[in-house]
Amino acid sequence: MNFYKDNDDLRYYAEEAIDWGLLTELSEYRLGEDPEGFANAEEARTFYLEILEMFGEVVAEQVAPRIPSIEDEALRIEDGEVVEPAATREIFALFRELGLFGLPVPRELGGMNAPMVSYFLTAELLARADVSTMTHYGFHAGIAMAMLVYSLDEKTTRFDRETRTLLSTRWEDDIRKIVAGEAWGSMDITEPDAGSDMAAMRATARRDEDGNWFVSGQKIYITSGHGQYHIVIARSEPDREGLDALSLFLVRAWEDTPEGRRRHVVIDRVEEKLGHHGSATCALSYEDAPAELIGKRGEGFRGMLVLMNNARIGVGFECIGLAECALRIAREYAAERRSMGKSIDRHEMIADYLEEMQTDIQAMRALAVHCAVHEERHRKRRLWLDHLPPSDEETRRAWEREEEESRAISRNLTPLLKYYAAEKAVEIAQRAIQILGGAGYIREYGAEKLLRDAMVMPIYEGTSQIQSLMAMKDHLMGMLKDPKAFLARVAEARWQSRFAPDPLGRRVARLRSSALDAQRTLLMRTAADKVRAVRHKPLDQWADAFLKQWNPKRDFAFAMLHAERFTRILVDAAVAERFWAQAQEHPHRREVLERWLERAEPRVRFLEDEIRNTGERLLARLAEGSAASEAAE
Ligand SMILES: Cc1cc2nc3c(=O)[nH]c(=O)nc-3n(C[C@H](O)[C@H](O)[C@H](O)COP(=O)(O)OP(=O)(O)OC[C@H]3O[C@@H](n4cnc5c(N)ncnc54)[C@H](O)[C@@H]3O)c2cc1C
């Protein structure tokens, strides 16, 4: 069995759609010159595909069979340290043997220097066996790459421009340790009173007279928090407000002394959870834990986003793996199980569920791969521009444009991917249970585990609601910044929806047009509410009140109410664009585009209707409540 070879849609990306040549050019600074590297791009591509094939087999043959015992053996704490299930230890020993922890890490640091995209594809393969194992796997190379990116950003990594080799980087020894499979890290943000609201964070960092930093406080729900390296966000600037008061730190959880291990980060407990049983979710305490400042003071939130962005893309792939597993369990069962004279996959409603599940998984993958490719292009092009710039001005300008475009695409798609993949993982897992009927509820068949595991997807790495708010805000701000460009896009979409030569192209343009209309409705309604709010003021104060005095909590109420509906429209349109782009290059993709449009078109009409015609009553009630509480204050 091989989880890569049996998956045609995944193979389409790996073998046809992904431009490995471009990713190789970005990743291999010394293509054809490094004796340990590849002679050319074709050799590199062959290697990346071999990795996927090998990984697909290892996961199917050696990881998946071990997962049921992870469900049986709970994680526990002994002498202050987390003890993982035996199966987890075996799986990670195998990964260590195969050298998989350094897949995307540069060769100079002991890794394989493969593109991040190939690493994300391995994440999908692993998640098909078990998402909790995949999460822990992610906190190896993910943290090593974050350390490298932070060091690149703060310019503490040195390159030799002549030979185009990485000479040194700030956390080199630590990265090597992770690559060797001897350590891993975690991302410590959440606190008992600060989850989505990061500005409410209480953990503090203080600096002594010698310039050394120390972190104190508590963090909860930290995945893989039993590791050595903690990337921690804490309040370091008492004289600043909100997110500007936060900085990012690297905290080493312990020191090994001749007397034994001395912990600076204490594991208070491992949480007992609904699912994700192979992943340690830790509550941690720091008391004056020695810390290293990452980047600049007060820029912790920005730094955290670097790590979170990649983690959100990772969650996208994690959801695909889980959903793929759910679909396969459901499909196999439905083909065997008979009811009323035929197998249940021949009953119309079940056939409809199965087809929708397949289409949604293909949509998740389309968004995820596109987003991952552009995130990689943005990051690696930036690296070239900052550290290995081209000698001629024209190339430099072309690279700057490429970097900017890719950054915008990745920024636009990341919240859509995280939102959509997470919501669909839950829905698809639930559908799988329904298709299995009573067997879906029984442990032996494996479907119930998938729903338990899926339930956290819309919660961690920024909840679905927070992703929707981000997508909505980004779109409205973009429109306000450049209204002319927005109107040009509206006109172009209208034109294409009527006159594009290909009927599928016209339908895709109509969805694009609907997304732009919804965006305009949100902004117009927000502006109308603001006009209503300033009406009672003297006329000479209108300009100031309208242009400057915006209260984000009140004035954007309509847009915030409908942010999730708007995000779903954006997803429907963005996926259609992806499938359309694929169909133009590979005509066999027209079939999935048609399947997608058939479901997306009525869905978008319904969502548009909801945005236009619901919410007045609720908003009026909320406004009354706010006015009453303001009056009471
Ligand atoms: C298994 C697991 C692993 C985790 N791993 C990590 C980790 O590695 N590192 C880490 O730092 N954290 C981790 N977390 C924590 C996770 O990121 C948080 O639970 C999440 O950010 C939500 O925060 P919260 O639980 O405080 O919920 P809250 O922020 O209290 O939110 C509760 C509900 O209110 C909604 N809400 C909040 N604000 C708004 C708003 N403005 N508009 C609309 N709705 C809103 C939320 O969407 C949610 O539905 C993990 C959690 C779990 C369960």
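Author: Start with the pairing of strand S7, which is joined to strand S13 (residues 281–294) by eight bridges, the two running antiparallel. This is a predicted model, in which local features need pLDDT of at least 70 and side-chain atom pairs count only at pLDDT 80 or more, while totals for chains, interfaces and linings use all residues. Residues are numbered from 1 along each chain as its sequence is written, and side-chain values use heavy atoms, with hydrogens and water left out. Strands here are DSSP runs of E with at least two residues, helices are runs of H or I with at least four, and both are numbered from the N terminus. Two strands count as paired if DSSP finds at least two bridges between them.

S6 and S7 make a hairpin with five residues between them, and glycine 211 in the turn has a positive phi of about 90 degrees.

S7 itself is mostly covered, with eight of its 11 residues buried. Buried means under 20% relative accessible area, exposed means over 50%, and partly exposed lies in between (1.4 Å probe, protein chains only). Tyrosine 221 is in S7, yet this residue counts as exposed because its relative accessible area is 52%. Tyrosine 221 also has a positive phi of about 60 degrees, although it is not a glycine.

The strand leads on to the ligand. Tyrosine 221 is among the residues that come nearest to the ligand, together with Thr190, Ser196, Thr223 and Thr463, out of 17 residues around it. A residue is near a molecule if one of its heavy atoms lies within 4 Å of it. S7 gives the largest share of this shell, three residues. Strand S7 (213–223) and helix H14 (464–481) each supply at least two of the shell residues. By domain, at least three shell residues come from each of domain 2 (185–298) and domain 3 (299–462); these bounds come from an automatic or database domain assignment.

The shell is made up of eight nonpolar, seven polar and two charged residues. Here Ala, Val, Leu, Ile, Met, Phe, Trp, Tyr, Cys and Pro count as nonpolar, Asp, Glu, Lys and Arg as charged, and the others, Gly among them, as polar.

An N or O atom in the side chain of threonine 223 lies 2.7 Å from a nitrogen atom of the ligand. A backbone N or O atom of isoleucine 189 is 2.9 Å from an oxygen atom of the ligand. A polar backbone atom of methionine 187 is 2.8 Å from a nitrogen atom of the ligand. The ligand taken alone exposes 970 Å², of which the protein buries 63%. Accessible areas come from the Shrake-Rupley method with a 1.4 Å probe; for residues, only the protein chains shown count as cover.

Notes. A polar contact is a pair of N or O atoms within 3.5 Å; within protein, one must be able to donate a hydrogen and the other to accept it, and residues adjacent in sequence count only if both atoms are side-chain atoms.
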